[in-house]
Amino acid sequence: MRNHQHLININDSTGIDTVRNLGILAHVDAGKTTVTERILFAAGVTHKRGEVHDGTTVTDFDPQERDRGITIFAAAVSCAWDGHRLNLIDTPGHVDFADEVERALRVLDGAVAVFDAVAGVEPQSESVWRQADRYGVPRIAFVNKLDRAGADLDTAVASIRARLHPAPLVVQMPIGAEDDFRGVVDLVRGRALVWTDGRLADGPVPQELRAEAGRRRRALEEAVAELHPGALEEFCAEGTLTDATLRTALRDLTRSGEGVVVLCGSAYRDRGVEPLLDAVVAYLPSPSDVPPVRGPGGGGTEEERAADAGAPLAALAFKVSATATGRLTYVRLYSGTIGKGDTVWDATAGRAERIGRILRVQADRHEPLERAVAGDIVAVIGLKSARAGSTLCAPDAPLLLEPPGIAEPVVSVAVEARRSTDTGRLAGALARLTEEDPSLVVRTDPETGQTLLSGRGELHLDVAVEKLRRDPAGRGDGGGGGLGGGVDLVVGRPRVAYRETVRRGVTGLVYRHVKQDGGAGQFAQIVLDVAPGEEGSFVFESAVVGGRVPREFVRAVEAGCRDALAEGPLGGHPVTGVRVTLTDGATHVKDSSEAAFRAAGRFALREALRRSVMVLLEPVVEVEVSLPGGFGGGVPGDSAGGLPGDFVGAVLGDLGGMRARVAGTEVRGGVTVVRAVVPLAELFGYATRLRGRTRGRGAFVGRGVSYAEVG
């Protein structure tokens, strides 16, 4: 196995093939941050193990993260292992911070998905897995917490296969179970890895485990041969696979996404981390292994840039952070090189920027660099216009890369400064806050004049508001780039974002727009059909024949219809899920214009929506409520109460009062899990109510937000 003497200095110049850019993904509390901490310890970056429960981790350095005991902000760190440089991003596991994960995955080449050996695949495990699917990020899986009571590798792998639908390729077998878990059998090399007092011993497989290890190795070979043509050819000819062929096939299958290598261990007890690092180096791709990035070039034609330090610069900013050091912009370089003092072109903002300083990031610590090359993930100081999603490129070779997606906010709170003298400071702090987190939106309520802060969930907004209230050490008024916090706020109750949609539309609605007030007039006549569309969509089509409405006026009608979608007839909420067809129209030789047809489109669709059958939609969340004990939730012999069925009955009754649709109840590893779809508005304060119903033992998690008709 590798040890510290194999390490390299991460500031050394290394080839692009020796770089691994990876993220650590997981459901909240699966041990993701502990895995990251143990990686840093094993790689010699830290000399003391950081612990989440005492707030001593490297990556959860924000005061709120340490207070709450969860990862909130994606944190970047670098380390070295076996002659390779690893750039890691520890991502949040809570659903409210899924946009942080989205931005990280956009710039990563690989990922380690961490699973709890007792719970297996959990709701946010599925969410981050699907996010990685969208970006085609190769993954390996690490089944963590094998030292827990009820931990079972095979059950966890079965849940991965059933719920995530990959082809899991298990390359290890546990030695010992639960509290006696002490090591693993490496099925590829046929060696036993045992940890004692933090020290790793690499030896032969014990006699009593050889038969089971042989059976599992055979199953691994068969699974690989089914997926890899080269391995299948050797397997059919020889009846087995050599170690070299198996390693090559595992690497190919991981990088193509056809298979997922599965390892196991207990990060908290320092068991399984070194082979996990070996697997990262062996199986996950380097920047040169992934396809070139593509985007519109200077002439508008599609161009691509390969991972080559000698090519023109192409980089993507994925995170902006205000620190005592200054405004940090985190960037991933796909091609080219940047150095201190270089001028780059922000293709998104359309302006030139100057690189002030380049930093290698170690969470909240930074090491200065003279330059960064293709494959690097670094932070730069000096950029003024760049935001998350901005493309930085060579001024003489422009290229625009696709930015990461941003989900629409679903919850809002009204915020105002308690003292009128702080109103200006609050406005500036909100602007910087939304610059750091693009999934936060600030707007003014047109009816009340209140300032509304909108985000992805209650916790998301709690964190944002607390960030406004705190005065970070070394920031604020000193010009160091902080939020200028310390604003005393008054915060309103959370409100969800409703939508309106069409259940039954109208056909043949004729609208005639005529305006004559001196000078040139306005004339436009259109005929619209309005029908229900796909959820969350707006589709505009033209069925006009004979040129009765010129093409430029058709585009104006579409723009007017989009204007009308901002406010629906039921309550002034945005309209979604609608299909509009322009079927006919008429023009005037002098008075028709794009402005006239845009106005006609706006007023016509408003009238059509008033005549349609509309329904109100509200955001809903898939939740899983976890209760201790077997089915019924009771804890046998518990003198504090909680007889079988007490907790589940109370929880089901509570969910019924919340307009929830209960999908089912099951037992996982001795924990009763209730699955339901709940209106987001009903979840405000539910964590406190649930603890009260279950004597502090119950917990719930949500996954994703969609819209459903208000029941």
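Reader: Is Q516 buried or exposed?
Author: The model is a predicted one, and in it Q516 belongs to the loop between β30 (506–515) and β31 (522–532). Exposed means over 50% relative accessible area. Q516 has a relative accessible area of 54%, so the residue is exposed.

Reader: Leaving aside neighbours within four places in sequence, with which residues is Q516 in contact?
Author: Contact here requires heavy atoms within 4.5 Å. With neighbours within four places in sequence set aside, the residues in contact with Q516 are G521 and D591.

Reader: What separates the C-alpha atoms of Q516 and A249?
Author: Along the chain, Q516 and A249 are 267 residues apart. A249 belongs to the contact that α6 and α8 make, on the α8 side. The separation of the C-alpha atoms of Q516 and A249 is 75 Å.

Reader: How are α6 and α8 oriented to each other?
Author: Helix α6 (residues 210–227) packs with helix α8 (residues 243–256) at about 55 degrees, and their axes are 10 Å apart. The crossing of α6 past α8 is left-handed. The two helices, α6 and α8, are therefore oblique.

Reader: Which residues make that contact, and how do they divide by class?
Author: From α6 the contact takes R217, L220, V224 and L227, and from α8 it takes D243, L246, A249, L250 and L253. By class, the residues of the contact of α6 with α8 are seven nonpolar, no polar and two charged.

Reader: How are α10 and α11 oriented to each other?
Author: The angle between helix α10 (residues 423–436) and helix α11 (residues 458–469) is about 135 degrees, with the axes 10 Å apart. Roughly antiparallel would require an angle over 145 degrees. α10 passes α11 in a right-handed crossing. The orientation of α10 and α11 is therefore oblique.

Reader: Which residues form the contact of α10 with α11, and what are their classes?
Author: On α10 the residues are L426, A429, L430, L433 and E436, while α11 contributes A464, K467 and L468. The classes in the contact of α10 with α11 are six nonpolar, no polar and two charged.

Reader: Why is α3 described as largely enclosed, and what covers its buried residues?
Author: Nine of the nine residues of helix α3 (residues 98–106) are buried, so the rest of the structure largely encloses this helix. The buried residues of α3 include charged-type names such as D99, E100, E102, R103 and R106, together with A98, V101, A104 and L105. The cover over the buried residues of α3 includes β1 (19–26), β3 (84–90), α4 (123–135), β14 (314–323), β15 (326–335) and α10.

Reader: What is the phi of H165, and is the residue buried or exposed?
Author: Most residues other than glycine have a negative phi. H165, in the loop between α5 (153–164) and β6 (168–170), is not a glycine, yet its phi is positive at about 60 degrees. With 59% relative accessibility, H165 counts as exposed.

Reader: Is D270, which also has a positive phi, buried or exposed?
Author: D270 has a phi near 60 degrees and is found in the loop between β11 (260–264) and α9 (273–283). Buried means under 20% relative accessible area. At 12% relative accessibility, D270 therefore counts as buried.

Reader: How many disulfides does the structure hold?
Author: C79 is buried at 0% relative accessibility, and C561 is buried with a relative accessible area of 0%. A disulfide requires a pair of cysteine sulfur atoms within 2.5 Å. The number of disulfides in the structure is zero.

Technical notes: Residues are numbered from 1 along each chain as its sequence is written. This is a predicted model: local features need pLDDT of at least 70, side-chain atom pairs count only at pLDDT 80 or more; totals for chains, interfaces and linings use all residues. Side-chain values use heavy atoms; hydrogens and water are left out. Axes are lines fitted to C-alpha atoms, for helices over the stretch in contact, and angles run from 0 to 180 degrees between N-to-C directions. Helices (H or I, at least four residues) and strands (E, at least two) are DSSP runs, numbered from the N terminus. Angles under 35 degrees count as roughly parallel, over 145 as roughly antiparallel, 65 to 115 as roughly perpendicular and the rest as oblique. A crossing is left-handed if the near helix is turned anticlockwise from the far one by less than a right angle, and right-handed if clockwise. Buried means under 20% relative accessible area, exposed over 50%, partly exposed in between (1.4 Å probe, protein chains only).
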